[in-house]
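Dear colleague,

Please find below the structure that I am handing over to you, with its sequence. My notes on it follow directly after.

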Amino acid sequence: MALPVAEWQGRTARLWAALGPALRERLAAASLHDAVRLGCDLLRTEEEEEAALVRLCHQVPTDKKPEAASWYREQGNREFKQGHYQAALRLYSKVASHEPPGSPEVSVCFANRSAALFHLGHFEVCLEDIARAESHGYPDRLLPKVLLRKAECLLCLGRLQDAQDILRVLESKITLDRVMATHLTRLKKLSQLKVKSREKERCPEPAREARGGTQGKSETWEENNSISGASSSLSLSFDAERGRHLVASRDIVPGQSLLEEEAFVSLLCPGESLPLQGGEAAWDTRATNADLYCHRCLRQLLASVPCQGCSYAQYCSQDCADVAWQQYHRTECSLGALLLTLGVFCHVALRTVLLAGFAEVSRLVGWSHSGDKDLQNPGARCKPLSEAPDAGAGTRGIPGCDSKGRYQSSYQALFHLLPHTEQHSPEHKFLCTLSVVALCKQLQAAGLEAAVLNQESPQQWSKPKMCEKTSDELSPELKTVAEAMLRHVLQLQCNAQAITVMQELGPGDGAVVNKKPVRLATAFFPVLSLLNHSCCPNTSVSFSGTAATVRASQPIPSGQEVLHCYGPHQCRMRVAERQQLLSQYFFECHCQACLEELESGVKSVVSIRNSFCCPKCRAQMQGEEDTLCCSNEACATSASRENLSCRLQDLQQQINKALGLLRVGKAVQAIKMLLKCQMDAGNFLSPEHLLMGEMEDHLAQVYATLGKWQEAARHLKKSIEIVEMHHGPSSVETGHELFKLAQILFNGFEVSEALSTIQRAEGILSVHFGPQTAQIQELQEMKACLSELPSNILQRT
């Protein structure tokens, strides 16, 4: 959740309402500097609010709990015995995150997890967990079983000498029971056979060539001299109406990479599920983003490395854990519950100032007060564009640029993103102010000020405890930190970038993989933030870990602005709805799509396609009021909008029930329910309604699970027709649907049609995501496999 929990929002709202009119007016008009000082004064006299915040933190504990570790271990063992190794793997990771450092159970946890990894075929990672178990003092009496597993992993990986060394140790020094002795004998024979087989090989196996043409090739890239991470095809411009923005300096073709930027700061969004409280040990076994992705680099986790100080942070490797600790987590670790309570925006703001360093934060905050200090050095002022003597000469004088006119992905550029201080509602600004002040007071009370101000070496560090009572007055340095944090919290409403990933729906073990985009993290990308909004953009943005890549999604002629969609796309909603959503960015959209729709007076295509239809003659229902009338004058049937909306809601619930049946393996029942839903929908929804396409997609998914490839393809083709109507034939959405169709045709051995579908899907997806993505690689592998079939089979299909 971006903002604090509802209970804290409610308390600050009541506190705001209780303030006198004069103080409310003063707070509403206050600068960031004054808002922080007024917030400090208020919290100093409102001890009840701080106590309430501490109570709220107790609802989301992030400290280590041995009783939780014990409970998760039982659940993991149960899943392992049932052969559910993926579920066991996740649960053993939860055990590791709750075991205190030095606990003898930590080694057993890693050993258990290595067993799950072995059964899943992740031999390298299994070896890493075995090494962790050994380094944490795994009991000698249990060592033989783990060493046998280690030897088997080494054999599977072809590391024969290492495997033989382990087997000799087991044979000569360790007493084995009968079962393990039998297993050792089998492994020794297997090892000997592998050695003999290798000796017979006269030449090494030739290296396999990369398939598909584009695999392994890097994209050509000419770096921009003025904008870090940007292509030389872009230039930075500034005017009063559009602010800083990017323009094509030469003609750009679809698929061309325009910008590659690493996030200045990113924060994994925790997900909806947090540890349950109340009653006996009621911990939640559901996996969230916090369990699935590295908290630093956002890579997908397999066997996480837990933080030694809290139960929340998990990493993909010890290196990531160490870097995170040095950069920011040593400050955040003991405050995990408070940060979860105050929301993602507050957490991002804190991490931003920690990464920037107090010296840079203090310099820029000081400059923002006086206006007479240079952003590059204290000796001379860098004037705004309108005052700079060299304004108009390249990029010099544009806010955020350095003295040489270079716009970098730096804290200076981030600091210059607009906070829109005067445009936020007074209540919202008050909530943000009290939240950052409360956080900074806790930093001070917990003894973390030296770490925040970068005055403490790692050797001096010891983990502080969350304090129940904070000190009365913030130090001047922490007031500076609070001011910078307030600026960043306000900036995030307009400049936060959601990092998204394509996440598999269901277990992911089917022949056809169904994925959907999900929000993974919130980040600041200073250069990406230069892109202005359009409801019909000319770029696509994709992510790999914490890095963003911007590509042209259509031709962009020289001199045209490069535009990004902030969320409400022309294809997905009407202009009035888009304008309402865009109001959070404090501008009125005048993009070409909005102007054409507003000026033409013609009803939105989105409205027509997603409309209700007459239950009698199936013509479109129309009208802006609660009563809708049939557009066919000869019919003149009317219906209540509310009634039709209720039918739509009921239909969606029935579809969800059908998908639930599919998840538990009841495919035939799911088909019956979906076909009934389809029949019901045809009585009151337009044939082009997006939900009609979704039902076709779901039916294709169910038939694919049954191996009925022709039926699956037939339904998916209907889904693609509707998706193309709404999003366009070259859209990302169409590309994803074609990818699924390619999988179905491949599995159904429809060679000719599969090859043409692969080619089309590859063309669309490579424009939006580039040639190196997993989907493109899979398409190329399918194409190579089909192309290698004998010519007589290809001719028959």
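I begin with Ser-425, which is placed in the loop between helix H17 (411–415) and helix H18 (426–445); helices (H or I, at least four residues) and strands (E, at least two) are DSSP runs, numbered from the N terminus. Ser-425 is partly exposed, its relative accessible area being 36%; buried means under 20% relative accessible area, exposed over 50%, and partly exposed in between (1.4 Å probe, protein chains only).

The model is predicted, so local features need pLDDT of at least 70 and side-chain atom pairs count only at pLDDT 80 or more, while totals for chains, interfaces and linings use all residues. Residues are numbered from 1 along each chain as its sequence is written, and side-chain values use heavy atoms, with hydrogens and water left out.As for the protein chain overall, it has 31 helices and 15 strands. Of its 797 residues, 50% count as buried. Among contacts (heavy atoms within 4.5 Å) between residues at least 6 apart in sequence, 65% join residues at least 24 apart.

Val-36 belongs to helix H3 (residues 32–45) and is buried, with a relative accessible area of 0%. Beyond its neighbours within four places in sequence, Val-36 is in contact with Thr-433, Val-437, Lys-479, Ala-482, Glu-483 and Leu-486. The C-alpha atoms of Val-36 and Cys-432 are 9.9 Å from each other, with the two residues 396 apart along the chain.

Gln-491 lies in helix H20 (residues 476–495) and also counts as buried, at 0% relative accessibility. Its side chain reaches the backbone oxygen of Leu-414 at 3.0 Å. This is a polar contact, that is, a pair of N or O atoms within 3.5 Å; within protein, one must be able to donate a hydrogen and the other to accept it, and residues adjacent in sequence count only if both atoms are side-chain atoms. Not counting residues up to four places away in sequence, Gln-491 touches Leu-414, Phe-415, His-416, Leu-417, Leu-418, Pro-419, Ala-496 and Phe-524. Phe-415 is 76 residues from Gln-491 along the chain, and their C-alpha atoms are separated by 8.9 Å.

Thr-522 is found in strand S8 (residues 515–524) and is buried, with a relative accessible area of 2%. A polar contact of 3.1 Å joins its side chain to that of Arg-519. Leaving aside neighbours within four places in sequence, the contacts of Thr-522 include Val-265, Cys-269, Phe-345, Leu-492 and Gln-497.

Val-125, Cys-126, Leu-127, Asp-129, Ile-130, Arg-132 and Ala-133 of H8 are buried. The buried residues of H8 pack against helix H7 (105–119), helix H9 (143–156) and strand S5 (305–306). Just after H8, Gly-137 takes a positive phi of about 80°.

Two sets of paired strands may also be of interest. Strand S10 (residues 539–544) has 5 of its 6 residues buried, so it is largely enclosed by the rest of the structure. S10 pairs with strand S11 (residues 547–552) in the antiparallel sense over 6 bridges; two strands pair if DSSP finds at least two bridges between them. Within this pairing, Thr-539 stands opposite Ala-552 in S11. The hairpin of S10 and S11 has 2 residues between the strands, and Gly-545 takes a positive phi near 65° there.

Elsewhere, 3 strands form an open sheet in the order S13-S14-S15, with antiparallel pairing. Strand S13 (621–622) and strand S15 (638–640) stand at the edges with a single partner strand each, so one side of each is left without a neighbour in the sheet. Strand S14 (residues 627–630) is joined to S15 by 3 bridges, and the bridge partner of Cys-629 is Ser-638 in S15. Helix H24 (residues 641–663) packs on the sheet, touching S14 and S15, and its direction makes about 65° with that of S15. Axes here are lines fitted to C-alpha atoms, for helices over the stretch in contact, and angles run from 0 to 180 degrees between N-to-C directions.

Finally, an unreviewed UniProt entry lists residues 294–333 as "domain: MYND-type"; UniProt positions are given in the numbering used here, feature names are shortened, and annotations may be inferred rather than shown by experiment. Over residues 294–333 the chain is 38% helix and 10% strand, and the end C-alpha atoms are 15 Å apart.

With kind regards
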